[in-house]
Amino acid sequence: MTGVFYPLNSDFLVRHNGTCDTHYWANWDLCNMASIMAIGILCDDKAKFDEAVDYFHHGVGTGALKNAILFVYDDEGLGPVAGDRPRPRTQHRGHRPDGRHLRDGLEPARRPVGTP
């Protein structure tokens with residue numbers, strides 16, 4: 001964990017694969033922070049855990065709290081974190097033009113023959 005995954009996670013948060021700090025959506029930063037935090041817990045390494053928490057509060061990418069853009073919808077409350085490139089909700093993959101998810105209103109999945 002500390003020899004393979006941690007260096008990649010930490011390097012991503014520092015360099016963002018050589019792009020600008022806001023190039024990636026927030027979930028890229030969040031996944032790397034979560035990985036570093038989990039490695040810190042698994043390896044009983046408080047410094048790694050603290051690195052992830054510090055990045056969340058003071059980092060430069062879109063996953064840092066001060067840089068995240070939150071959407072709030074009148075009818076549904078808090079929406080997704082979008083990073084620096086917000087899009088209308090209807091353009092998110094899996095949503096219909098009326099804003100409902102493609103699963104909504106579709107018939108249930110069929111069970112294979114012979115299953116209860």
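Biologist: Is Asp44 buried or exposed?

Modeller: This is a predicted model, and the values that follow are computed from it. Asp44 counts as exposed because its relative accessibility is 71%, and exposed means over 50%. The residue lies in the loop between α2 and α3.

Biologist: What is the phi of Asp44?

Modeller: Phi of Asp44 is near 50°, a positive value in a residue other than glycine. Asn17 also has a positive phi, of about 55°, and it is not a glycine. Asn17 is found in the loop between α1 and α2. At 47% relative accessibility, Asn17 counts as partly exposed.

Biologist: Now the aromatic rings. How is a pair of aromatic rings described?

Modeller: Two quantities are used: the distance of the centres and the angle of the planes. In this structure the count comes to three aromatic pairs. One of them joins Phe12 and Tyr24, with 5.0 Å centre to centre and 65° between the planes, which is edge-to-face.

Biologist: Why does the pair of Phe12 and Tyr24 tie together parts that are twelve residues apart in sequence?

Modeller: Phe12 lies in helix α1, residues 5-15, whereas Tyr24 lies in the loop between α1 and α2, and α2 covers 26-42; therefore the pair links parts twelve residues apart in sequence. Phe12 is buried, at a relative accessible area of 5%. Tyr24 counts as buried too, at 13% relative accessibility.

Biologist: How is the pair of Phe12 and Trp28 arranged, stacked or edge-to-face?

Modeller: Phe12 and Trp28 are stacked, with 5.9 Å centre to centre and 25° between the planes. Phe12 lies in helix α1 and Trp28 in helix α2, so this pair ties together parts that are 16 residues apart in sequence. Trp28 counts as partly exposed, at 41% relative accessibility. Phe12, Tyr24 and Trp28 form one aromatic cluster.

Biologist: What tends to happen to nonpolar side chains in soluble globular proteins?

Modeller: They tend to be buried together. Here the largest nonpolar core has nine residues, among them Phe12, Tyr24, Leu13, Met33 and Tyr55.

Biologist: Which residues does Tyr55 touch, not counting residues up to four places away in sequence?

Modeller: Tyr55 touches Leu13, His16, Asp29, Met33, Val60, Gly61 and Ala64, with those neighbours in sequence left out.

Biologist: Let us turn to charges. How many salt bridges does a search of the whole structure find?

Modeller: The search finds three salt bridges. In one of them, Arg15 pairs with Asp11, the closest N and O atoms being 2.9 Å apart. Both residues lie in helix α1, four residues apart, about one turn of the helix. Arg15 is partly exposed at 44% relative accessibility, and Asp11 is partly exposed at 30%.

Biologist: With which residue does Lys46 form a salt bridge?

Modeller: Lys46 forms a salt bridge with Asp50, and the closest N and O atoms are 2.8 Å apart. Lys46 and Asp50 are separated by about one helical turn because they are four residues apart in helix α3. Lys46 counts as exposed at 60% relative accessibility, whereas Asp50 is partly exposed at 33%.

Biologist: Which residue meets Lys48 in a salt bridge?

Modeller: The side chain of Asp45 meets that of Lys48, at 2.9 Å from N to O. Asp45 is partly exposed, with a relative accessible area of 23%, whereas Lys48 counts as buried, at 13% relative accessibility. Lys48 also lies over the face of Tyr6, at 4.3 Å from the ring centre.

Biologist: Last, confidence. Where in the protein chain is confidence lowest, and where is it highest?

Modeller: Confidence is lowest in strand β2, residues 77-81, at a mean of 57, and highest in α3, at 96. The protein chain averages a pLDDT of 74, and 59% of the residues score at least 70.

Biologist: Over which residues does pLDDT stay under 50?

Modeller: Residues 83-97 are one such stretch, for which the model has 34 contacts beyond four places in sequence. Residues 101-113 are another, with nine contacts beyond four places in sequence.

Technical notes: Residues are numbered from 1 along each chain as its sequence is written. This is a predicted model: local features need pLDDT of at least 70, side-chain atom pairs count only at pLDDT 80 or more; totals for chains, interfaces and linings use all residues. Side-chain values use heavy atoms; hydrogens and water are left out. Rings of Phe, Tyr and Trp (its six-membered ring) pair if their centres lie within 6.5 Å; planes under 30 degrees apart count as stacked, over 60 as edge-to-face and the rest as tilted. Helices (H or I, at least four residues) and strands (E, at least two) are DSSP runs, numbered from the N terminus. Buried means under 20% relative accessible area, exposed over 50%, partly exposed in between (1.4 Å probe, protein chains only). A charge sits over a ring if NZ of Lys or CZ of Arg is within 6 Å of the ring centre and within 35 degrees of the ring normal. A nonpolar core is a set of buried Ala, Val, Leu, Ile, Met, Phe, Trp, Tyr and Cys residues joined through side-chain atoms within 4.5 Å. Contact means heavy atoms within 4.5 Å. A salt bridge is a side-chain nitrogen of Lys or Arg within 4 Å of a carboxyl oxygen of Asp or Glu. pLDDT is the predictor's confidence in each residue, from 0 to 100.
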